[in-house]
Amino acid sequence: MNGSNTPYSSTLKIPKLFQPNGSMPEEVQVFSFIPNSTVTQGPDELSNAPLLPVYITIYVTILNIAIFVVGIVGNILVILVVSRVRDMRTSINLYLANLSVADLLVLLVCQPTALIEFYAKERWYLGQTL
């Protein structure tokens, strides 16, 4: 068994695809005091983290916003139609309205959280609860 003061070491190979213009090393040394664990960067090393290309950031942002807007509008419309039109109040449509409420709650909690996590660059700003 390894002593508590001796870190385990492994080498992480970075594929050429993720090395824009050769600006990143081909191998990175990773240390951990726990065997078979994944080590993330500490707060002082975050500024050295490689940035994603701008086009990926734009695509991810636009896609997240589109999913959010379409999901919110679509689910609200389903809920409104089922609740206001008397002929639409069948058991199947009430079930679909219930699914729309659940999907609306998931969209309102998870989609902004995913976008915040994408921009946070290895930091978590939403506290211990989330």
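Figure 1. I116 is a residue of helix α2, where helices are DSSP runs of H or I with at least four residues, strands are runs of E with at least two, and both are numbered from the N terminus. The model shown is predicted, so local features need pLDDT of at least 70 and side-chain atom pairs count only at pLDDT 80 or more, while totals for chains, interfaces and linings use all residues. Residues are numbered from 1 along each chain as its sequence is written, and side-chain values use heavy atoms, with hydrogens and water left out. With a relative accessibility of 37%, I116 counts as partly exposed; buried means under 20% relative accessible area, exposed means over 50%, and partly exposed lies in between (1.4 Å probe, protein chains only). The C-alpha atoms of I116 and L126 are 8.7 Å apart, and the two residues are separated by 10 residues along the chain.

**Figure 2. L126 in the segment after α2.** L126 belongs to the segment that follows α2. Its relative accessibility is 27%, so L126 counts as partly exposed. Not counting residues up to four places away in sequence, L126 touches T113 and I116, a contact being heavy atoms within 4.5 Å. Between the C-alpha atoms of L126 and T113 there are 8.2 Å, for a pair 13 residues apart along the chain.

**Figure 3. Helix α1 against helix α2.** Helix α1 covers residues 54–84 and helix α2 covers residues 91–120; their axes come within 9 Å and cross at roughly 160°. The α1 helix is therefore roughly antiparallel to α2. Axes are lines fitted to C-alpha atoms, for helices over the stretch in contact, and angles run from 0 to 180 degrees between N-to-C directions. Angles under 35 degrees count as roughly parallel, over 145 as roughly antiparallel, 65 to 115 as roughly perpendicular and the rest as oblique. The crossing of α1 and α2 is left-handed, meaning that the near helix is turned anticlockwise from the far one by less than a right angle; clockwise would be right-handed. Residues in the contact of α1 with α2 comprise 20 nonpolar, eight polar and one charged. Nonpolar here stands for Ala, Val, Leu, Ile, Met, Phe, Trp, Tyr, Cys and Pro, charged for Asp, Glu, Lys and Arg, and polar for the others, Gly among them.

**Figure 4. T61 and N64 in helix α1.** T61 is placed in helix α1, and N64 also lies in helix α1. T61 counts as buried because its relative accessibility is 16%. N64, at 14% relative accessibility, is likewise buried. Apart from residues up to four places away in sequence, T61 touches L115 and Y119. With neighbours within four places in sequence left aside, N64 is in contact with Q111 and L115.

**Figure 5. I65 and its distance to L115.** I65 is part of helix α1. The relative accessible area of I65 is 44%, so I65 is partly exposed. I65 and L115 are 50 residues apart along the chain, with 8.9 Å between their C-alpha atoms.

**Figure 6. The chain as context for the close-ups.** The chain has two helices and two strands, running β-β-α-α from the N terminus on. Of its 130 residues, 17% count as buried. Of the contacts between residues at least 6 apart in sequence, 47% join residues at least 24 apart. The accessible surface of the chain is about 10,400 Å², and 66% of this belongs to carbon and sulfur atoms; areas come from the Shrake-Rupley method with a 1.4 Å probe, and for residues only the protein chains shown count as cover.
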